[in-house]
There are 2 protein chains.
Amino acid sequence: MKVDVGVLGPLGTYTHQAAHEYFQASAIYNERQTIAATLESLETLDYAVVPRENSIFGSVVETFDGLRVLKQGLIQGEVVLKIQHCLVVKKGAKISDIDCVISHEQALGQCRRFISEHLPSATTSKTTSTAAAAETVSKLQKLNVAAICSKICITMFEDLEILVDGIQDEDINYTRFFILGKDSEGRPPFKSLRPTHALIRVTPSKMCFDLAELLKIVDLSVKRIDRRPAPASDPFLDIYFLEVVSSPHNPSEWPEQVSHSILRIRNNGHFAESIGLW
Amino acid sequence: MKVDVGVLGPLGTYTHQAAHEYFQASAIYNERQTIAATLESLETLDYAVVPRENSIFGSVVETFDGLRVLKQGLIQGEVVLKIQHCLVVKKGAKISDIDCVISHEQALGQCRRFISEHLPSATTSKTTSTAAAAETVSKLQKLNVAAICSKICITMFEDLEILVDGIQDEDINYTRFFILGKDSEGRPPFKSLRPTHALIRVTPSKMCFDLAELLKIVDLSVKRIDRRPAPASDPFLDIYFLEVVSSPHNPSEWPEQVSHSILRIRNNGHFAESIGLW
């Protein structure tokens, strides 16, 4: 039986691609219009996939704003995706057939060098999304139009194939995604048997708060820290998200170590919860 | 002699207001179109003022992106401003004269409750900025139009006065601004004689980096941490900004404590600099 996964839409974009790398053909993918709606989809669906951070643009603020108030759902995994644009054509088309390239304007901009070197006389035309470009090419009866899109699009629309993979100008563009499950139980085969990461959400009890003291109390290796304003609180009171990682020495005791760390934070008067273990 | 201050424009907005609270009449204010251009204005001007974080929306990403590459300029101060909209009219106008309210659409939206309670039959009209609304009212020969804007606008345009101060629906909306100077010397009276805050910029030397270890090495109280992707580096390598604060016990030794902390970070193989002391 397939699981139901909510993804930031439209389908065919990189969040869909990331979800597909994780769940493959074992899931039905349900698009949502915003990150908040994708996180809320956990109320009715089994999983949700949202972008967490991009290697150039940094943390995704909307995702962390959603995680501030996350009740249902636990982060159960992570996928890192190389943002890789493909030149997608009707099956059988050769590069010499192409005289028009269509895509979202950002993708066109990110592949400017490829287009000028390999398709110097082609015209370019904007579409509302990269997936919309793929759909347009799929419906055409001619071979002269190519779409720039993610490779997942060739599984969504008929009669398409990838002519060239990885045509973006910048090669170091990665996005990291969170995979969230409805509850802490998870369902095989998606739950990690040996988790090595946890995300601890801490709301300090007061403004005059020392992060150095907090990390002493946490007493775990801390890989990343994000902060967002605490909602409906005093101004400039923050919620902190600590991504903690297990030491290589005692991986089997890791979930207990996280639980003990959270108890220590609470005993010092702060609010703390684990919102992910993967 | 007046100092030259670069502020995120247009003049009349809250960054201008914050700069004015700090420098008062001792400065000439020079508008810049972007945060990056405001930081770059330090090459020719004496000071620059940029927003650092808002109590609802969080850290200002463009400011921290600029601080990643800041060469000239040191943060020499901070101003916290309550975002407070005023109802501004032609001198002599009473609330019963007003049948039209003009402002930037965000400010109109943030004062919806005041308008519906106190000016229920007034029409509203959008302008490109809050300052543009004030300028329009200033030029009118009639008393029936009011602008919603920051109070600095009545010093910029003639024949205006504040009819009501603090008309925004939400009362807890603060923005914190950085005051940057051209060099570490500063100029009296703007330099703090007894600094209590510093901003340390740390670029870790490697990916497998432990923030808990870093804060042990720093060995100072840490009030806030921000992170942004390190430019032109491996993906997901971050630059960290640590706002450290002095302990109340030995305030006079504080600048030395910061210097020693930075040396310790460097001795552990990371890049570190103080980009602010205030």
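Biologist: What makes strand S7 (residues 100–103) and strand S9 (residues 145–149) of chain A a pair?

Modeller: Bear in mind that this is a predicted model. Two strands count as paired if there are at least two bridges between them. Here 3 bridges join S7 to S9 in chain A, so the pair passes that test. One of the links is between A:Cys100 and A:Val145, its bridge partner in S9(A). The two strands run parallel.

Biologist: And what holds paired strands together in general?

Modeller: Backbone hydrogen bonds do, whether the strands are parallel or antiparallel.

Biologist: Where do S7 and S9 sit in the sheet of chain A?

Modeller: Follow the order S8-S7-S9-S6-S10 in chain A. These 5 strands form an open sheet with mixed pairing, and the twist averages 30° from one strand to the next.

Biologist: Why are S8 (123–126) and S10 (160–165) of chain A called edge strands?

Modeller: Each of those two strands pairs on one side only.

Biologist: Which strands does helix H6 (residues 130–139) of chain A lie across?

Modeller: Helix H6 of chain A lies across S6 (86–90), S7, S9 and S10, and its angle to S9(A) is about 155°.

Biologist: Over to strand S1 (residues 3–8) of chain A, where A:Val7 is found. Is A:Val7 buried or exposed, and how do you know?

Modeller: Buried means under 20% relative accessible area. A:Val7 has 0%, so A:Val7 is buried. Leaving out residues up to four places away in sequence, A:Val7 touches several others, including A:His16, A:Tyr29, A:Arg32 and A:Val49.

Biologist: How do you know which surface the copies meet through?

Modeller: Of the interface residues of chain A, 100% are also interface residues in chain B, so the copies meet through the same surface. In this interface, 33 residues of chain A are in contact with 33 residues of chain B. The area buried between them is about 2,700 Å². A:Ile225, A:Arg227 and A:Phe236 supply 27% of what chain A buries there, more than any other three residues.

Biologist: What makes the contact between the side chains of A:Asp226 and B:Arg227 a salt bridge?

Modeller: The rule asks for a nitrogen within 4 Å of a carboxyl oxygen. The N to O distance here is 2.8 Å, so the contact qualifies. Across the interface of chain A and chain B, the rule finds 4 salt bridges.

Conventions: Residues are numbered from 1 along each chain as its sequence is written. Chains are lettered from A and ligands numbered from 1 in the order in which they are written. This is a predicted model: local features need pLDDT of at least 70, side-chain atom pairs count only at pLDDT 80 or more; totals for chains, interfaces and linings use all residues. Side-chain values use heavy atoms; hydrogens and water are left out. Helices (H or I, at least four residues) and strands (E, at least two) are DSSP runs, numbered from the N terminus. Axes are lines fitted to C-alpha atoms, for helices over the stretch in contact, and angles run from 0 to 180 degrees between N-to-C directions. Contact means heavy atoms within 4.5 Å. Buried means under 20% relative accessible area, exposed over 50%, partly exposed in between (1.4 Å probe, protein chains only). Buried area is the accessible area (1.4 Å probe) that two parts lose on being put together, summed over both.
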